[in-house]
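Trainee: I would like to go through this model with you. Could we begin with its surface and then move on to the fold and the charges?

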Amino acid sequence: MVNPIELPKTEISKRLLQNLRRTRLEVQEVSLELAEINVKLGEYIRQKQLERVRETLIG
């Protein structure tokens with residue numbers, strides 16, 4: 001015997017959708033923060049490479 005699928009009530013659906021939207025925005029925020037950290041790390045690495053090259057040239 002197959003049990004029919006019950007759809008959630010409208011209030012529950014709205015709440016779940018709101019939670020999903022909020023979670024999506026939170027994930028987007030974290031993703032942007034990670035991208036910013038990645039840029040800063042890239043700048044730090046380039047700066048250290050430049051320092052090593054200058055140190056090698058100066059002796």
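**Surface, fold and charges**

Mentor: A nonpolar patch on the surface is formed by Val 30, Leu 34, Ile 37 and Leu 41, which together have about 360 Å² of accessible area. Patches consist of residues with over 30% relative accessible area and no salt bridge, where like charges are joined within 9 Å and nonpolar side chains (Val, Leu, Ile, Met, Phe, Trp, Tyr) within 5 Å. Accessible areas come from the Shrake-Rupley method with a 1.4 Å probe, and for residues only the protein chains shown count as cover.

Trainee: What kind of model is this, and how are the residues numbered?

Mentor: The model is predicted: local features need pLDDT of at least 70, side-chain atom pairs count only at pLDDT 80 or more, and totals for chains, interfaces and linings use all residues. Residues are numbered from 1 along each chain as its sequence is written, and side-chain values use heavy atoms, with hydrogens and water left out.

Trainee: Back to the patch, then. Where is Leu 34, and is Leu 34 buried or exposed?

Mentor: Leu 34 is located in helix H1, which covers residues 10-58. Helices (H or I, at least four residues) and strands (E, at least two) are DSSP runs, numbered from the N terminus. With a relative accessible area of 51%, Leu 34 is exposed. The classes are buried under 20% relative accessible area, exposed over 50%, and partly exposed in between (1.4 Å probe, protein chains only).

Trainee: How many helices and strands are there in the protein?

Mentor: The protein has 1 helix and 0 strands.

Trainee: And what are the overall dimensions of the C-alpha trace?

Mentor: The C-alpha trace spans about 80 × 25 × 5 Å along its principal axes. The radius of gyration is 25 Å, whereas a compact globule of 59 residues would have one near 10 Å. That radius is taken over C-alpha atoms, and the globule rule is 2.2 Å times the number of residues to the power 0.38.

Trainee: How much of the protein counts as buried?

Mentor: Of its 59 residues, 2% count as buried. The accessible surface of the protein comes to about 6300 Å², and 59% of that belongs to carbon and sulfur atoms.

Trainee: Let us turn to charges. How far apart are the mean positions of the positive and negative ones?

Mentor: The mean positions of the 11 positive and 9 negative charges are 3 Å apart. Lys and Arg count as positive and Asp and Glu as negative, while His and the chain ends are not counted. The place of a charge is taken as NZ of Lys, CZ of Arg, CG of Asp or CD of Glu.

Trainee: How many salt bridges does that give us?

Mentor: The count comes to 3 salt bridges, each being a side-chain nitrogen of Lys or Arg within 4 Å of a carboxyl oxygen of Asp or Glu. One of them joins the side chains of Glu 26 and Arg 22, at 3.3 Å from N to O.

Trainee: How are Glu 26 and Arg 22 placed in helix H1?

Mentor: Glu 26 and Arg 22 are 4 residues apart in helix H1, so about one helical turn separates them. Glu 26 is partly exposed at 36% relative accessible area, and Arg 22 is exposed at 56%.

Trainee: What about Lys 40 and Glu 36?

Mentor: Their side chains meet in a salt bridge at 3.4 Å, N to O. Both lie in helix H1, 4 residues apart, about one turn of the helix. Glu 36 is partly exposed, with 44% relative accessibility.

Trainee: And which residue does Glu 51 pair with?

Mentor: Glu 51 forms a salt bridge with Lys 48, with 3.5 Å between the closest N and O atoms. These two lie 3 residues apart in helix H1, about one turn of the helix. Glu 51 is partly exposed at 37% relative accessible area, and Lys 48 is partly exposed at 30%.

Trainee: Last topic: where is Leu 7, and how far is Leu 7 from Ile 58?

Mentor: Leu 7 lies in the segment before H1, and Ile 58 is in helix H1. They are 51 residues apart in sequence and 73 Å apart in space, C-alpha to C-alpha. Leu 7 is exposed, with a relative accessible area of 77%, and Ile 58 is exposed with a value of 77%.
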